[in-house]
Amino acid sequence: MHGRVKVKSTAQQEEEKRKEREKKLKIYVAARDACFSKRKEGIWDDEALQVTQQLLSSNPDFATLWNYRREILMHLETVRDEEEVQKIYQAELSFLESCLKVNPKSYGSWHHRGWVSTRLPRPDWARELGLCDRCLSLDDRNFHCWDYRRMVVKMSGVPVDQELAFTDRLIGSNFSNYSSWHYRSTLLPLLHPESPEPHSPCREPRRASPPPSPQTHSHRVCEEQLLKEYELVQNAFFTDPNDQSAWFYYRWLLGRAEREEMISCVYVSRDEERVAVAFSRPVNAQSVGLLLVLDGQPQRVEWRSVHPRFKHSPVWICDLPPGTISDVTNEHNLTVHWTEKHTHRDCALYTGRSESWCRDSATDQELFRSELSVEKTSVLQSELQSCNQLQELEPLNKWCLLTIILLMRALDPLGYEKETLAHFQTLKEVDSMRSAYYSDLCSKFMIENTILKMEYAEVRVFSISDKNLTTLCHLDQLLLVTHINLSSNQLQRLPPQFAMLQCLEVLEADNNSIDNLEGLFHLPKLEEVLLKNNQISTLADLQPLASCPKLKRLDLRGNPVTQTANIESELTELLPSVTDLQL
(Lines give C-alpha, C1' and ligand atoms only; values in the text may rest on other atoms or scores of the structure.)
Protein backbone atom coordinates (compact mmCIF):
# COMPACT_ATOMS: atom_id res chain seq x y z
CA MET A 1 0.00 0.00 0.00
CA HIS A 2 3.06 2.25 0.31
CA GLY A 3 3.43 4.97 -2.37
CA ARG A 4 -0.24 4.97 -3.40
CA VAL A 5 -2.31 8.20 -3.35
CA LYS A 6 -5.17 7.94 -0.93
CA VAL A 7 -8.40 8.51 -2.88
CA LYS A 8 -11.12 10.31 -0.94
CA SER A 9 -14.52 8.73 -0.91
CA THR A 10 -17.39 10.38 -2.74
CA ALA A 11 -19.00 11.29 0.57
CA GLN A 12 -15.82 13.01 1.74
CA GLN A 13 -15.54 14.98 -1.52
CA GLU A 14 -19.14 16.13 -1.33
CA GLU A 15 -18.74 17.19 2.28
CA GLU A 16 -15.65 19.26 1.47
CA LYS A 17 -17.45 20.92 -1.46
CA ARG A 18 -20.38 21.70 0.79
CA LYS A 19 -18.14 23.33 3.38
CA GLU A 20 -16.37 25.33 0.66
CA ARG A 21 -19.71 26.55 -0.69
CA GLU A 22 -20.87 27.52 2.79
CA LYS A 23 -17.66 29.44 3.34
CA LYS A 24 -18.05 31.35 0.07
CA LEU A 25 -21.72 31.99 0.78
CA LYS A 26 -20.95 33.48 4.20
CA ILE A 27 -18.40 35.82 2.63
CA TYR A 28 -20.86 36.76 -0.14
CA VAL A 29 -23.76 37.40 2.29
CA ALA A 30 -21.55 39.46 4.59
CA ALA A 31 -20.39 41.61 1.67
CA ARG A 32 -23.95 41.97 0.39
CA ASP A 33 -25.24 43.02 3.81
CA ALA A 34 -22.38 45.51 4.11
CA CYS A 35 -23.39 47.04 0.77
CA PHE A 36 -27.02 47.28 1.82
CA SER A 37 -26.05 48.95 5.10
CA LYS A 38 -23.81 51.48 3.36
CA ARG A 39 -26.53 52.32 0.84
CA LYS A 40 -29.10 52.74 3.60
CA GLU A 41 -26.73 55.13 5.41
CA GLY A 42 -26.03 57.08 2.22
CA ILE A 43 -22.35 56.18 2.03
CA TRP A 44 -20.86 56.51 -1.47
CA ASP A 45 -17.15 55.92 -1.01
CA ASP A 46 -14.36 53.96 -2.73
CA GLU A 47 -14.79 51.05 -0.34
CA ALA A 48 -18.44 50.63 -1.42
CA LEU A 49 -17.29 50.71 -5.04
CA GLN A 50 -14.75 47.98 -4.31
CA VAL A 51 -17.23 45.74 -2.44
CA THR A 52 -19.88 45.98 -5.16
CA GLN A 53 -17.21 45.13 -7.72
CA GLN A 54 -16.29 41.95 -5.82
CA LEU A 55 -19.94 40.87 -5.63
CA LEU A 56 -20.79 41.70 -9.24
CA SER A 57 -17.70 39.91 -10.52
CA SER A 58 -19.22 36.63 -9.36
CA ASN A 59 -22.87 37.57 -9.96
CA PRO A 60 -23.25 40.26 -12.66
CA ASP A 61 -27.07 40.03 -12.65
CA PHE A 62 -27.62 41.64 -9.23
CA ALA A 63 -29.66 44.68 -10.32
CA THR A 64 -29.75 46.35 -6.89
CA LEU A 65 -25.95 46.39 -6.73
CA TRP A 66 -25.71 47.96 -10.19
CA ASN A 67 -28.13 50.68 -9.03
CA TYR A 68 -26.03 51.31 -5.91
CA ARG A 69 -22.88 51.41 -8.02
CA ARG A 70 -24.41 54.06 -10.30
CA GLU A 71 -25.30 56.15 -7.25
CA ILE A 72 -21.68 55.94 -6.10
CA LEU A 73 -20.34 56.91 -9.52
CA MET A 74 -22.73 59.87 -9.81
CA HIS A 75 -21.55 61.04 -6.37
CA LEU A 76 -17.90 60.74 -7.43
CA GLU A 77 -18.67 62.91 -10.46
CA THR A 78 -19.49 65.77 -8.07
CA VAL A 79 -16.29 65.52 -6.00
CA ARG A 80 -13.65 64.64 -8.65
CA ASP A 81 -12.34 66.64 -11.59
CA GLU A 82 -13.00 65.64 -15.19
CA GLU A 83 -9.72 63.81 -15.66
CA GLU A 84 -10.30 61.66 -12.57
CA VAL A 85 -13.88 60.95 -13.69
CA GLN A 86 -12.53 59.88 -17.08
CA LYS A 87 -10.17 57.38 -15.41
CA ILE A 88 -12.91 56.08 -13.08
CA TYR A 89 -15.26 55.38 -15.98
CA GLN A 90 -12.52 53.83 -18.11
CA ALA A 91 -11.79 51.47 -15.21
CA GLU A 92 -15.51 50.77 -15.02
CA LEU A 93 -15.55 49.74 -18.68
CA SER A 94 -12.65 47.36 -18.06
CA PHE A 95 -14.48 45.88 -15.09
CA LEU A 96 -17.60 45.42 -17.21
CA GLU A 97 -15.64 43.48 -19.80
CA SER A 98 -14.69 40.99 -17.07
CA CYS A 99 -18.38 40.71 -16.11
CA LEU A 100 -19.33 40.00 -19.71
CA LYS A 101 -16.80 37.20 -19.78
CA VAL A 102 -18.68 35.62 -16.86
CA ASN A 103 -22.05 36.08 -18.62
CA PRO A 104 -22.03 37.53 -22.18
CA LYS A 105 -25.82 37.98 -22.01
CA SER A 106 -26.02 39.73 -18.66
CA TYR A 107 -28.84 42.25 -18.71
CA GLY A 108 -27.29 44.25 -15.88
CA SER A 109 -23.81 44.41 -17.40
CA TRP A 110 -24.96 45.61 -20.83
CA HIS A 111 -27.36 48.16 -19.35
CA HIS A 112 -24.64 49.51 -17.05
CA ARG A 113 -22.17 49.70 -19.94
CA GLY A 114 -24.62 51.80 -21.93
CA TRP A 115 -25.10 54.09 -18.92
CA VAL A 116 -21.33 54.47 -18.39
CA SER A 117 -20.65 55.14 -22.07
CA THR A 118 -23.11 58.03 -22.16
CA ARG A 119 -21.55 59.65 -19.06
CA LEU A 120 -17.92 59.22 -20.05
CA PRO A 121 -16.40 62.70 -20.64
CA ARG A 122 -14.44 61.50 -23.68
CA PRO A 123 -15.98 58.25 -24.94
CA ASP A 124 -14.00 56.01 -27.29
CA TRP A 125 -16.78 54.84 -29.60
CA ALA A 126 -14.38 53.04 -31.93
CA ARG A 127 -13.31 50.87 -28.99
CA GLU A 128 -16.95 50.14 -28.17
CA LEU A 129 -17.67 49.13 -31.75
CA GLY A 130 -14.65 46.85 -31.60
CA LEU A 131 -16.02 45.24 -28.41
CA CYS A 132 -19.34 44.64 -30.18
CA ASP A 133 -17.52 43.04 -33.10
CA ARG A 134 -15.68 40.67 -30.75
CA CYS A 135 -18.83 39.72 -28.84
CA LEU A 136 -20.82 39.12 -32.02
CA SER A 137 -18.03 37.00 -33.45
CA LEU A 138 -18.50 34.71 -30.43
CA ASP A 139 -22.32 34.76 -30.57
CA ASP A 140 -23.91 36.52 -33.53
CA ARG A 141 -27.36 36.32 -31.91
CA ASN A 142 -26.48 38.10 -28.66
CA PHE A 143 -29.39 40.56 -28.74
CA HIS A 144 -27.98 42.50 -25.75
CA CYS A 145 -24.89 43.27 -27.82
CA TRP A 146 -26.99 44.16 -30.88
CA ASP A 147 -29.01 46.64 -28.79
CA TYR A 148 -25.82 48.15 -27.39
CA ARG A 149 -24.30 48.39 -30.86
CA ARG A 150 -27.32 50.34 -32.12
CA MET A 151 -26.87 52.78 -29.24
CA VAL A 152 -23.15 53.17 -30.03
CA VAL A 153 -23.91 53.71 -33.73
CA LYS A 154 -26.47 56.38 -32.90
CA MET A 155 -24.24 58.19 -30.41
CA SER A 156 -21.13 58.11 -32.60
CA GLY A 157 -22.82 58.92 -35.91
CA VAL A 158 -21.67 55.86 -37.81
CA PRO A 159 -22.86 56.24 -41.44
CA VAL A 160 -25.76 54.02 -42.44
CA ASP A 161 -23.94 52.56 -45.42
CA GLN A 162 -21.08 51.48 -43.13
CA GLU A 163 -23.48 49.57 -40.92
CA LEU A 164 -25.13 48.00 -43.96
CA ALA A 165 -21.71 46.79 -45.10
CA PHE A 166 -21.28 45.29 -41.61
CA THR A 167 -24.44 43.22 -42.10
CA ASP A 168 -23.13 42.17 -45.52
CA ARG A 169 -20.04 40.70 -43.87
CA LEU A 170 -21.98 38.85 -41.17
CA ILE A 171 -24.58 37.48 -43.58
CA GLY A 172 -21.86 36.50 -46.03
CA SER A 173 -20.14 34.40 -43.38
CA ASN A 174 -23.39 32.94 -41.98
CA PHE A 175 -26.71 33.00 -43.85
CA SER A 176 -28.39 31.84 -40.64
CA ASN A 177 -27.59 35.11 -38.84
CA TYR A 178 -31.17 36.21 -38.16
CA SER A 179 -30.06 39.26 -36.15
CA SER A 180 -28.09 40.59 -39.11
CA TRP A 181 -31.05 40.14 -41.46
CA HIS A 182 -33.25 41.99 -38.99
CA TYR A 183 -30.71 44.82 -38.55
CA ARG A 184 -30.53 45.07 -42.33
CA SER A 185 -34.30 45.58 -42.50
CA THR A 186 -33.97 48.65 -40.21
CA LEU A 187 -31.10 50.14 -42.23
CA LEU A 188 -32.34 49.77 -45.80
CA PRO A 189 -35.35 52.13 -45.47
CA LEU A 190 -32.96 54.79 -44.11
CA LEU A 191 -30.41 54.36 -46.88
CA HIS A 192 -32.79 53.63 -49.76
CA PRO A 193 -36.22 55.01 -48.77
CA GLU A 194 -39.21 54.58 -51.01
CA SER A 195 -39.93 57.77 -52.91
CA PRO A 196 -43.38 59.37 -52.59
CA GLU A 197 -43.67 59.17 -56.38
CA PRO A 198 -44.66 55.62 -57.43
CA HIS A 199 -42.03 53.52 -59.15
CA SER A 200 -39.40 56.26 -59.09
CA PRO A 201 -35.73 55.30 -58.73
CA CYS A 202 -33.98 55.28 -55.38
CA ARG A 203 -32.98 58.52 -53.82
CA GLU A 204 -29.29 59.22 -53.50
CA PRO A 205 -28.17 57.09 -50.54
CA ARG A 206 -27.10 58.80 -47.36
CA ARG A 207 -23.40 58.12 -46.86
CA ALA A 208 -21.90 60.72 -44.61
CA SER A 209 -24.56 61.31 -42.02
CA PRO A 210 -25.86 59.40 -39.01
CA PRO A 211 -29.07 57.41 -39.27
CA PRO A 212 -32.03 59.78 -39.53
CA SER A 213 -35.03 59.43 -37.32
CA PRO A 214 -37.25 56.51 -38.43
CA GLN A 215 -40.33 58.68 -37.87
CA THR A 216 -39.33 60.87 -40.82
CA HIS A 217 -38.93 58.03 -43.30
CA SER A 218 -40.96 55.42 -45.06
CA HIS A 219 -40.61 51.92 -43.66
CA ARG A 220 -40.37 50.60 -47.21
CA VAL A 221 -37.40 50.33 -49.55
CA CYS A 222 -37.25 51.77 -53.06
CA GLU A 223 -37.88 49.36 -55.87
CA GLU A 224 -34.37 49.37 -57.35
CA GLN A 225 -32.85 48.24 -54.05
CA LEU A 226 -35.64 45.72 -53.44
CA LEU A 227 -34.76 43.93 -56.66
CA LYS A 228 -31.14 43.62 -55.50
CA GLU A 229 -32.26 42.29 -52.11
CA TYR A 230 -34.35 39.58 -53.78
CA GLU A 231 -31.21 38.22 -55.41
CA LEU A 232 -29.25 38.28 -52.14
CA VAL A 233 -31.90 36.48 -50.15
CA GLN A 234 -32.53 33.93 -52.89
CA ASN A 235 -28.86 32.90 -52.69
CA ALA A 236 -29.38 32.35 -48.97
CA PHE A 237 -32.44 30.13 -49.06
CA PHE A 238 -31.21 28.12 -52.02
CA THR A 239 -28.02 27.44 -50.02
CA ASP A 240 -29.97 26.21 -46.99
CA PRO A 241 -33.71 25.85 -47.72
CA ASN A 242 -34.50 24.80 -44.15
CA ASP A 243 -32.98 27.82 -42.41
CA GLN A 244 -35.72 30.26 -41.42
CA SER A 245 -33.66 33.47 -41.18
CA ALA A 246 -33.55 34.33 -44.88
CA TRP A 247 -37.18 33.26 -45.38
CA PHE A 248 -38.34 35.70 -42.67
CA TYR A 249 -36.36 38.49 -44.28
CA TYR A 250 -37.88 37.61 -47.64
CA ARG A 251 -41.36 37.93 -46.12
CA TRP A 252 -40.43 41.42 -44.96
CA LEU A 253 -39.29 42.34 -48.48
CA LEU A 254 -42.65 41.20 -49.86
CA GLY A 255 -44.57 43.28 -47.34
CA ARG A 256 -46.72 46.19 -48.39
CA ALA A 257 -46.09 49.83 -47.58
CA GLU A 258 -47.96 51.23 -44.63
CA ARG A 259 -51.27 52.80 -45.55
CA GLU A 260 -51.47 56.55 -45.70
CA GLU A 261 -53.13 57.95 -42.59
CA MET A 262 -56.48 59.27 -43.72
CA ILE A 263 -60.26 59.21 -43.34
CA SER A 264 -61.19 56.28 -45.57
CA CYS A 265 -65.00 56.53 -45.31
CA VAL A 266 -67.75 58.80 -44.03
CA TYR A 267 -71.28 57.38 -43.74
CA VAL A 268 -74.39 59.32 -42.75
CA SER A 269 -77.83 57.87 -41.95
CA ARG A 270 -80.88 60.11 -42.07
CA ASP A 271 -83.08 57.60 -40.19
CA GLU A 272 -80.72 57.19 -37.22
CA GLU A 273 -79.35 60.74 -37.56
CA ARG A 274 -75.96 59.17 -37.11
CA VAL A 275 -72.54 59.65 -38.69
CA ALA A 276 -69.91 56.89 -38.87
CA VAL A 277 -66.30 57.59 -39.77
CA ALA A 278 -63.71 54.97 -40.75
CA PHE A 279 -59.98 55.65 -40.53
CA SER A 280 -57.06 53.93 -42.21
CA ARG A 281 -55.77 52.88 -38.78
CA PRO A 282 -57.16 52.60 -35.24
CA VAL A 283 -57.38 56.03 -33.56
CA ASN A 284 -58.85 57.60 -30.45
CA ALA A 285 -61.31 60.07 -31.94
CA GLN A 286 -61.66 61.80 -28.58
CA SER A 287 -58.02 62.83 -28.61
CA VAL A 288 -56.96 63.19 -32.27
CA GLY A 289 -59.07 66.25 -33.02
CA LEU A 290 -62.16 65.24 -35.00
CA LEU A 291 -64.47 68.03 -36.13
CA LEU A 292 -67.86 67.56 -37.83
CA VAL A 293 -69.15 70.43 -39.96
CA LEU A 294 -72.78 70.28 -41.20
CA ASP A 295 -73.90 72.78 -43.83
CA GLY A 296 -71.01 75.03 -42.91
CA GLN A 297 -71.69 74.94 -39.15
CA PRO A 298 -69.42 73.08 -36.69
CA GLN A 299 -71.42 70.58 -34.64
CA ARG A 300 -71.04 69.78 -30.95
CA VAL A 301 -71.16 65.98 -31.03
CA GLU A 302 -69.80 63.21 -28.85
CA TRP A 303 -67.70 60.64 -30.70
CA ARG A 304 -67.74 57.09 -29.39
CA SER A 305 -66.18 53.84 -30.52
CA VAL A 306 -68.44 51.10 -31.85
CA HIS A 307 -67.77 48.89 -28.82
CA PRO A 308 -66.98 49.71 -25.16
CA ARG A 309 -63.90 47.51 -25.40
CA PHE A 310 -62.14 49.93 -27.75
CA LYS A 311 -60.31 53.09 -26.80
CA HIS A 312 -58.67 52.94 -30.23
CA SER A 313 -60.75 51.86 -33.19
CA PRO A 314 -60.79 52.33 -36.99
CA VAL A 315 -64.52 53.20 -36.83
CA TRP A 316 -66.15 55.93 -34.71
CA ILE A 317 -69.76 57.12 -34.58
CA CYS A 318 -71.70 60.11 -33.33
CA ASP A 319 -75.36 61.07 -33.07
CA LEU A 320 -76.58 64.38 -34.48
CA PRO A 321 -79.08 66.51 -32.52
CA PRO A 322 -82.68 65.32 -33.13
CA GLY A 323 -84.26 66.78 -36.24
CA THR A 324 -80.97 67.95 -37.74
CA ILE A 325 -81.15 65.89 -40.95
CA SER A 326 -84.44 63.98 -40.60
CA ASP A 327 -86.38 65.98 -43.22
CA VAL A 328 -86.00 64.08 -46.54
CA THR A 329 -86.82 67.22 -48.52
CA ASN A 330 -83.60 68.86 -47.41
CA GLU A 331 -80.11 68.37 -48.78
CA HIS A 332 -77.10 68.44 -46.43
CA ASN A 333 -73.35 68.66 -46.84
CA LEU A 334 -71.10 67.17 -44.17
CA THR A 335 -67.35 67.48 -43.72
CA VAL A 336 -65.31 65.52 -41.20
CA HIS A 337 -61.98 67.16 -40.36
CA TRP A 338 -59.11 65.15 -38.87
CA THR A 339 -57.23 68.14 -37.50
CA GLU A 340 -54.27 66.12 -36.22
CA LYS A 341 -53.43 64.99 -39.78
CA HIS A 342 -54.72 68.14 -41.56
CA THR A 343 -57.04 66.09 -43.70
CA HIS A 344 -60.81 65.93 -44.24
CA ARG A 345 -63.54 64.14 -46.19
CA ASP A 346 -66.82 65.51 -47.55
CA CYS A 347 -70.14 63.71 -47.84
CA ALA A 348 -73.39 64.95 -49.40
CA LEU A 349 -76.83 63.72 -48.28
CA TYR A 350 -79.17 64.41 -51.18
CA THR A 351 -82.90 65.12 -51.15
CA GLY A 352 -85.00 61.95 -50.83
CA ARG A 353 -82.02 59.80 -49.81
CA SER A 354 -82.08 58.01 -46.44
CA GLU A 355 -78.31 57.49 -46.36
CA SER A 356 -75.12 58.48 -48.11
CA TRP A 357 -71.39 57.79 -47.98
CA CYS A 358 -68.08 58.83 -49.43
CA ARG A 359 -65.09 56.51 -49.36
CA ASP A 360 -62.08 54.92 -51.03
CA SER A 361 -62.65 51.33 -52.05
CA ALA A 362 -60.34 48.47 -51.20
CA THR A 363 -59.45 48.14 -54.88
CA ASP A 364 -58.52 51.82 -55.12
CA GLN A 365 -56.27 51.64 -52.06
CA GLU A 366 -54.57 48.35 -53.00
CA LEU A 367 -55.17 47.28 -49.42
CA PHE A 368 -54.33 43.63 -49.76
CA ARG A 369 -51.46 43.59 -52.25
CA SER A 370 -48.51 45.72 -53.31
CA GLU A 371 -48.86 48.13 -56.20
CA LEU A 372 -46.39 46.65 -58.68
CA SER A 373 -44.53 48.22 -61.56
CA VAL A 374 -43.96 46.22 -64.74
CA GLU A 375 -40.33 45.62 -63.72
CA LYS A 376 -41.18 44.44 -60.23
CA THR A 377 -43.96 42.23 -61.53
CA SER A 378 -41.56 40.46 -63.90
CA VAL A 379 -39.00 40.03 -61.12
CA LEU A 380 -41.58 38.57 -58.72
CA GLN A 381 -42.79 36.24 -61.45
CA SER A 382 -39.19 35.06 -61.81
CA GLU A 383 -38.95 34.68 -58.02
CA LEU A 384 -42.13 32.60 -58.04
CA GLN A 385 -40.71 30.33 -60.73
CA SER A 386 -37.51 29.88 -58.71
CA CYS A 387 -39.47 29.01 -55.55
CA ASN A 388 -41.61 26.57 -57.51
CA GLN A 389 -38.40 24.90 -58.75
CA LEU A 390 -37.10 24.73 -55.19
CA GLN A 391 -40.43 23.31 -54.03
CA GLU A 392 -40.10 20.50 -56.59
CA LEU A 393 -36.75 19.63 -55.00
CA GLU A 394 -38.00 20.23 -51.43
CA PRO A 395 -41.73 19.38 -51.58
CA LEU A 396 -42.13 19.36 -47.78
CA ASN A 397 -40.28 22.61 -47.06
CA LYS A 398 -42.76 24.80 -45.18
CA TRP A 399 -40.79 28.04 -45.71
CA CYS A 400 -40.80 27.54 -49.45
CA LEU A 401 -44.54 26.78 -49.51
CA LEU A 402 -45.40 29.82 -47.40
CA THR A 403 -43.23 32.09 -49.55
CA ILE A 404 -44.91 30.80 -52.71
CA ILE A 405 -48.25 31.77 -51.16
CA LEU A 406 -46.96 35.27 -50.34
CA LEU A 407 -45.57 35.75 -53.84
CA MET A 408 -48.92 34.72 -55.31
CA ARG A 409 -50.65 37.20 -53.00
CA ALA A 410 -48.33 39.99 -54.13
CA LEU A 411 -48.83 39.21 -57.82
CA ASP A 412 -52.50 38.27 -58.20
CA PRO A 413 -54.47 37.22 -55.08
CA LEU A 414 -57.66 36.36 -56.99
CA GLY A 415 -55.97 34.66 -59.92
CA TYR A 416 -53.93 32.38 -57.66
CA GLU A 417 -56.70 31.65 -55.15
CA LYS A 418 -57.08 27.96 -56.05
CA GLU A 419 -53.32 27.30 -55.89
CA THR A 420 -53.06 29.20 -52.61
CA LEU A 421 -55.71 27.03 -50.94
CA ALA A 422 -53.95 23.86 -52.13
CA HIS A 423 -50.62 25.05 -50.71
CA PHE A 424 -52.25 25.88 -47.36
CA GLN A 425 -53.60 22.34 -47.18
CA THR A 426 -50.10 20.97 -47.80
CA LEU A 427 -48.67 23.29 -45.14
CA LYS A 428 -51.11 21.97 -42.53
CA GLU A 429 -50.00 18.44 -43.35
CA VAL A 430 -46.22 19.01 -43.31
CA ASP A 431 -46.28 21.38 -40.28
CA SER A 432 -49.22 20.10 -38.27
CA MET A 433 -48.10 21.80 -35.05
CA ARG A 434 -48.89 25.17 -36.67
CA SER A 435 -52.03 24.13 -38.51
CA ALA A 436 -54.14 26.60 -36.49
CA TYR A 437 -51.86 29.46 -37.58
CA TYR A 438 -52.13 28.41 -41.22
CA SER A 439 -55.92 28.16 -40.89
CA ASP A 440 -56.12 31.71 -39.51
CA LEU A 441 -53.78 33.04 -42.22
CA CYS A 442 -55.77 31.28 -44.92
CA SER A 443 -58.97 32.75 -43.45
CA LYS A 444 -57.42 36.22 -43.60
CA PHE A 445 -56.52 35.80 -47.26
CA MET A 446 -59.96 34.40 -48.14
CA ILE A 447 -61.65 37.39 -46.48
CA GLU A 448 -59.39 39.77 -48.40
CA ASN A 449 -60.30 38.05 -51.67
CA THR A 450 -64.01 38.20 -50.84
CA ILE A 451 -63.77 41.92 -50.06
CA LEU A 452 -62.07 42.50 -53.42
CA LYS A 453 -64.76 40.52 -55.24
CA MET A 454 -67.45 42.50 -53.44
CA GLU A 455 -65.76 45.77 -54.42
CA TYR A 456 -65.46 44.78 -58.08
CA ALA A 457 -69.17 43.81 -58.11
CA GLU A 458 -70.07 47.08 -56.31
CA VAL A 459 -72.50 45.37 -53.95
CA ARG A 460 -73.08 45.62 -50.20
CA VAL A 461 -73.47 41.86 -49.69
CA PHE A 462 -70.55 39.93 -48.21
CA SER A 463 -70.81 36.15 -48.64
CA ILE A 464 -68.07 33.77 -47.55
CA SER A 465 -69.88 30.57 -46.58
CA ASP A 466 -68.37 27.07 -46.51
CA LYS A 467 -64.73 28.25 -46.65
CA ASN A 468 -63.45 26.74 -43.36
CA LEU A 469 -63.00 30.18 -41.83
CA THR A 470 -61.50 30.10 -38.34
CA THR A 471 -61.23 33.84 -37.71
CA LEU A 472 -62.64 37.18 -38.86
CA CYS A 473 -60.55 40.19 -39.84
CA HIS A 474 -60.68 43.44 -41.88
CA LEU A 475 -64.13 44.11 -40.43
CA ASP A 476 -63.53 47.86 -40.69
CA GLN A 477 -63.76 47.35 -44.48
CA LEU A 478 -67.35 46.13 -44.07
CA LEU A 479 -68.84 49.31 -42.60
CA LEU A 480 -71.33 49.62 -45.49
CA VAL A 481 -72.29 45.92 -45.76
CA THR A 482 -76.01 45.26 -45.29
CA HIS A 483 -76.04 41.43 -45.60
CA ILE A 484 -73.29 39.06 -44.46
CA ASN A 485 -73.26 35.28 -44.88
CA LEU A 486 -70.74 33.37 -42.73
CA SER A 487 -72.55 30.03 -42.72
CA SER A 488 -70.86 26.61 -42.65
CA ASN A 489 -67.45 27.68 -41.39
CA GLN A 490 -65.45 26.99 -38.21
CA LEU A 491 -66.02 30.27 -36.40
CA GLN A 492 -66.19 30.20 -32.61
CA ARG A 493 -67.10 33.82 -31.88
CA LEU A 494 -68.25 37.11 -33.33
CA PRO A 495 -65.52 39.40 -31.91
CA PRO A 496 -66.03 42.99 -30.68
CA GLN A 497 -64.75 44.27 -34.04
CA PHE A 498 -67.97 42.92 -35.58
CA ALA A 499 -69.70 46.01 -34.18
CA MET A 500 -68.05 47.99 -37.01
CA LEU A 501 -70.75 46.65 -39.36
CA GLN A 502 -72.97 49.65 -38.64
CA CYS A 503 -75.16 49.14 -41.74
CA LEU A 504 -75.75 45.40 -41.21
CA GLU A 505 -79.35 44.28 -41.60
CA VAL A 506 -79.08 40.49 -42.05
CA LEU A 507 -76.56 38.11 -40.45
CA GLU A 508 -76.38 34.49 -41.56
CA ALA A 509 -74.02 32.39 -39.46
CA ASP A 510 -75.60 28.93 -39.41
CA ASN A 511 -73.50 25.78 -38.93
CA ASN A 512 -70.49 27.17 -37.09
CA SER A 513 -69.28 26.70 -33.49
CA ILE A 514 -70.16 30.18 -32.27
CA ASP A 515 -70.63 30.52 -28.52
CA ASN A 516 -69.90 34.25 -28.15
CA LEU A 517 -71.89 37.12 -29.71
CA GLU A 518 -69.95 39.98 -28.15
CA GLY A 519 -69.64 41.80 -31.49
CA LEU A 520 -73.43 42.11 -32.01
CA PHE A 521 -73.42 45.33 -30.02
CA HIS A 522 -75.59 48.35 -30.87
CA LEU A 523 -76.01 47.46 -34.52
CA PRO A 524 -78.74 50.01 -35.30
CA LYS A 525 -80.08 48.38 -38.50
CA LEU A 526 -79.81 44.68 -37.64
CA GLU A 527 -83.15 42.93 -38.28
CA GLU A 528 -82.38 39.22 -38.87
CA VAL A 529 -79.90 36.93 -37.10
CA LEU A 530 -79.67 33.30 -38.23
CA LEU A 531 -77.55 31.20 -35.85
CA LYS A 532 -78.84 27.69 -36.45
CA ASN A 533 -76.55 24.82 -35.28
CA ASN A 534 -74.00 26.71 -33.19
CA GLN A 535 -72.83 26.42 -29.56
CA ILE A 536 -74.80 29.14 -27.78
CA SER A 537 -75.55 27.62 -24.40
CA THR A 538 -76.87 30.31 -22.05
CA LEU A 539 -79.21 33.27 -22.11
CA ALA A 540 -76.25 35.48 -21.14
CA ASP A 541 -74.59 34.60 -24.45
CA LEU A 542 -77.50 36.32 -26.22
CA GLN A 543 -77.36 39.49 -24.10
CA PRO A 544 -75.59 41.62 -26.79
CA LEU A 545 -78.66 41.20 -29.06
CA ALA A 546 -80.69 43.23 -26.57
CA SER A 547 -78.79 46.33 -27.73
CA CYS A 548 -80.01 45.94 -31.34
CA PRO A 549 -83.28 47.94 -31.47
CA LYS A 550 -84.62 46.71 -34.84
CA LEU A 551 -84.07 42.97 -34.37
CA LYS A 552 -87.17 41.16 -35.68
CA ARG A 553 -86.11 37.62 -36.57
CA LEU A 554 -83.89 35.21 -34.59
CA ASP A 555 -83.21 31.56 -35.47
CA LEU A 556 -81.50 29.54 -32.68
CA ARG A 557 -82.45 26.03 -33.72
CA GLY A 558 -79.81 23.44 -32.94
CA ASN A 559 -78.15 25.42 -30.12
CA PRO A 560 -77.80 24.07 -26.54
CA VAL A 561 -79.61 27.14 -25.19
CA THR A 562 -82.87 25.92 -26.71
CA GLN A 563 -82.92 23.08 -24.16
CA THR A 564 -83.07 25.54 -21.27
CA ALA A 565 -86.35 25.58 -19.31
CA ASN A 566 -88.59 28.58 -20.04
CA ILE A 567 -86.17 29.79 -22.72
CA GLU A 568 -88.92 31.11 -24.97
CA SER A 569 -90.48 33.33 -22.32
CA GLU A 570 -87.07 34.54 -21.14
CA LEU A 571 -86.03 35.38 -24.69
CA THR A 572 -89.30 37.23 -25.27
CA GLU A 573 -88.56 39.31 -22.19
CA LEU A 574 -84.90 39.88 -23.21
CA LEU A 575 -85.67 40.67 -26.87
CA PRO A 576 -89.13 42.26 -26.99
CA SER A 577 -88.64 43.53 -30.57
CA VAL A 578 -88.30 39.97 -31.98
CA THR A 579 -91.52 38.82 -33.67
CA ASP A 580 -90.13 35.72 -35.44
CA LEU A 581 -88.32 33.48 -32.93
CA GLN A 582 -87.33 29.97 -34.00
CA LEU A 583 -86.05 27.55 -31.33
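## Cores and contacts in a predicted model

The largest nonpolar core has 104 residues, and those with the most contacts inside it are F462, I484, L486, F498 and L507. Such a core is a set of buried Ala, Val, Leu, Ile, Met, Phe, Trp, Tyr and Cys residues joined through side-chain atoms within 4.5 Å; buried means under 20% relative accessible area, with a 1.4 Å probe and protein chains only. This is a predicted model, in which local features need pLDDT of at least 70, side-chain atom pairs count only at pLDDT 80 or more, and totals for chains, interfaces and linings use all residues. Residues are numbered from 1 along each chain as its sequence is written, and side-chain values use heavy atoms, without hydrogens and water.

A second, separate core of 24 residues includes A48, Y68, W115 and V116.

Two residues illustrate the surroundings, with contact meaning heavy atoms within 4.5 Å and neighbours up to four places away in sequence left out.

| Residue | In contact with |
|---|---|
| I484 | F462, L478, F498, L501, L504, V506, L507, E508 |
| C548 | L520, H522, L523, L526, S577 |

C548 is found in the loop between β13 (528–530) and β14 (553–555), the strands being DSSP runs (E, at least two residues) and the helices likewise (H or I, at least four), numbered from the N terminus. C548 counts as buried because its relative accessibility is 2%. C548 and S577 are 29 residues apart in sequence and 9.0 Å apart in space, C-alpha to C-alpha.

Methods:
Buried < 20%, exposed > 50% of the residue type's maximum accessible area, 1.4 Å probe, protein only.
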